[in-house]
Amino acid sequence: MNRTTTFRTLTIGIGFFTLFSCEDIINIELHSVKPQIVIEGIVRMGALPTVRVSTTQDFNSINEYPSIKDAVVEIWDDAGNREILPFNVDSDKYVVTNAALIGGIRRKTYNLSVTCQGNKYLAESTMLPLVKIDSLTLSKLSVLDYPCPMIHFTSPIGMKEGGYKCTIYINDKVLTNDTFISVDYLAGKPIHLILPIFFEEEEDRRDTPIKQGDNITVEMQCLDANLYKFFWSLGRTNNRMANPVNNIKGGALGYFGAYSWTQKKVTVE
Amino acid sequence: MGYEEKQMPLWLTGNTIHNISLSQSVINLTEIVVSSKRPDISVTDPQTGVTQMEIQQINKLPVLFGERDIVKSLQLMPGIKSAGEGSTGFFVRGGTTDQNLIMLDNVSLYNASHLMGFFSTFNSDVLRDVSVYKGGMPAQYGERLSAILDIRQRNGDMQDYHLSGGIGLISSKLNVEGPIQKGKSSFLFGARRTYADAIARLSGVEEASNAYLYFYDLNMKLYFTLSPKDQLSVSGYLGKDKMIVKDVADTGWGNSFVTAKWTRSWSSKLSGATSLLYNQYTYDYHQELGMSEGGVAKIKDYGFKKEFHYQINDDNLLRFGLHSTCHDIGPGDYYTNSEEESTTLNLHHRYSWENGIYVSNQLKVNGNLEMIYGLRLSVFSAMGNGEYYKLDENNEVTDTLRYSSGEFVKTYVNLEPRLSAVYKLNTHSSLKVSYARTTQNIHLLTQVFRASPYDRWTSSSNNIRPQIADQYSIGYFRNFRNNTYEFSVETYYKDMWNQIDFKDHAEIQGNDIVETELLRGKGRAYGLELMLKKQTGTLTGWIGYTLAKSEKKIDGINNNRWYNAYQDRTHDISVVGIYELNPKWTLSAAWVYYTGNAISYPSGKYQINGNDVMYYAERNGYRTPAYHRLDIGATYLVKKTAKYESELAFSLYNAYGRRNAYMISFGTNKDDPTKTSAYRYSLFTYVPSISWNFKF
């Protein structure tokens, strides 16, 4: 089942009551806790793997998350390629230099080890075979005055767990809410799914997030089960008031993810 | 023309018939109130931890959206706490909402709320009375841990036909009643529907143009006197909520039940009742986003109850009986249809058979000491047909067990002793004590702070053990000035075992093996409840105060330490006043204050993919801001004759416009992306309402 859309109906219903609600900023005293290590390790198909290591910050501090530059970060794959990553000052991350470790499209398992402040963190992620978007069209929901992107693809029979994360870009600007499609019960099934866009923060697009002439790009990433669970739960962090379920052993926040991806673009006419 | 008032004491030691003749009077036109309650009942009743409310009392209180609500009125009593702004969910003595058994005409409802909890399922016009048992539960009640809310529909008038109803800003109701055969049988039908969405559309609210949101409910009661000793009643209820976004999404949920009860008096000492019931709760959803997708979940109960009252002598009243219910919990049948093909997923039903056998005796030991003691035997069996799972210590499935229809999977037997006693210190004061063990085998898998109609119910199984609680309470009751004032102080302590909680981000929906997502532990709750009530006079009302604590200790949460349960509220105050200004106008006001709930707020933040993400360090380590609110109301009696009555009810909910937090959300500041902020969302400041109620 498509977990993201399943209960959207409910959200729309609650929208009625939000008509009556008002929003303001309040001051709540939140405890200061010992900073936790945060790891964001990415093995994107076709790109050099990167790892960023940082820490949590107090809620009331500025939104800056300085990198930890003295960690020992190592990535290896199941084909025997291995590298201790040097810190790259320009990108503020640890970046792989060994081209053999570039994210490949065949099924491959990657491992990450981060040693930092006396602790060791380990993670593993599998690059799933690429599932292409067959086509991207525009479709209109009767309740919206503008068209929304609709993706068409077939979930392969062999893919039994994990899922797809769809990110929408309007004129190269990313929308914050991703759509998640779990592969559960969908193996071998054709998918035709509208990705509805309800809200847009920009003032001139608040009522009409999509306008004539806009370029809409949808990127679909294929995620293994642990990575899917991480991103799916990341989207619900505030609602569930709980940290996302991650794939890093040793107690760090964040994730280590290898993923294949595909993009399609459509222009609104 | 009316009748002179007449008061006479009645000593009820058995079934008895009294003919009361009233003298005619030309001055007294008020209604005749036949009360079944002694004015000093709060001091003399051996039952502890009970709150009773009459519908007339509720009708005078200020309301939200013009709709009188029995459950919201009860939340103004000590020990019964609202689950949130405008909510009909409630917490009793530190328990969760699903630990309350909510019964309408002896049938338990799985979701007693409409419109996401802003209205209860109870149309107050068709109700007779309501009792809430917070502790010292009588043995005839069981099946839930914390409280019993026993609501009865009234019988229709057996002499005359009446039409009554009310028209409000967002809802209306109509009730019709009368004799089927004069003096022998009657009917009562009630109907209620909201139309907030239609009003919004008419007012040009754009968001409402393609959206529909409403509920309706229908109540029915038929009553037949079969013989001087036999009565038969048939009750029914049908309620449905609908939310529709035209051509995109459609969802609904609702309870429905029908029950028949035959009551017989074999002699002046022995009477009994036999009931049969069918009860159903359903929710469904459907959406069209390129593909059509949807699902239906259904719970069905088939029940039988046999109850007896036997007045052994003046000092002993014996009650005994049997309850038996078959539960069929269907967690969901889902489908996804595209142009090319359809996919279905039918989750396994959970079947169970729940039985309770009880005996209790109300004993007058002497003039001062009276007690109700009893024993309830609860036997619960998880049944086939279906798959059950063996789990290891990490909650991972090690084996799948398949059972065929009617096969017993696991049976839990629990003995539940009950005791409630009063010792009268003098004519106007008493001491009361109680003890009750309660068990619960039907569990709601919900996050208490976001209850929804889609929350999943499940039953005890080989992996989920029955919840068990022991509650002890002691209280001092005193009436003043000839029972005009009632004062009480009660204190309680409750231990709870086999409490259920969830892993972070548990997947409850669409999951067959839901047990793997659960965590288990124990709970404890204790508190002090104070109540001062003025019962009679032009000014009536009460002041209630609760000082309480409710904690949990769950394996896998907060390093297995005791922590505050969500429903833990330290202070809870309610002040209610009803003032009869003159025969035409009645004024009312209710003020509530309570400490915020225990809740998880972030203790830091971090960055993922360039976005700020909140960091949660512990479960329920914070509190929501304190809540307070004043509601005021006025009722104007437009006209009252023997045949016709009409009144206008005005209310102002949240009269001083306090912006209580309905939800607090943490995230990147919308105007300054270098900062994170806490956003408060509040509902319902200054909500005026008017409704017109009539009765022919």
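Helices and strands are taken here as DSSP runs, a helix having at least four residues and a strand at least two, and on that basis chain B of this predicted model contains four helices and 45 strands.

The overall dimensions of chain B can be set against a simple expectation: because a compact globule with 696 residues would have a radius of gyration near 26 Å, the value of 26 Å for chain B agrees with that rule. Along the principal axes, the C-alpha atoms of chain B fill a box of roughly 85 × 60 × 50 Å. Of the 696 residues in chain B, 56% are buried, and of its contacts with a separation of 6 or more, 62% join residues 24 or more positions apart.

Turning to the interior, nonpolar side chains in soluble globular proteins tend to be buried together. The largest nonpolar core here has 66 residues, and B:Ile70, B:Phe122 and B:Leu149 are those with the most contacts inside it; strand 18 of chain B (residues 270-289) gives this core its largest share, four residues. Leaving aside residues up to four places away in sequence, B:Leu149 touches several residues, including B:Val71, B:Phe90, B:Met103 and B:Val132. Apart from that core lies another, of 37 residues, which has among its members A:Ile197, A:Val266, A:Val268 and B:Val248.

In chain A, helix 3 (residues 225-234) is mostly covered, with eight of its 10 residues buried, among them A:Leu227, A:Phe230, A:Trp232 and A:Leu234, as well as A:Lys229.

Technical notes: Residues are numbered from 1 along each chain as its sequence is written. Chains are lettered from A and ligands numbered from 1 in the order in which they are written. This is a predicted model: local features need pLDDT of at least 70, side-chain atom pairs count only at pLDDT 80 or more; totals for chains, interfaces and linings use all residues. Side-chain values use heavy atoms; hydrogens and water are left out. The radius of gyration is taken over C-alpha atoms; the globule rule is 2.2 Å times the number of residues to the power 0.38. Buried means under 20% relative accessible area, exposed over 50%, partly exposed in between (1.4 Å probe, protein chains only). Contact means heavy atoms within 4.5 Å. A nonpolar core is a set of buried Ala, Val, Leu, Ile, Met, Phe, Trp, Tyr and Cys residues joined through side-chain atoms within 4.5 Å.
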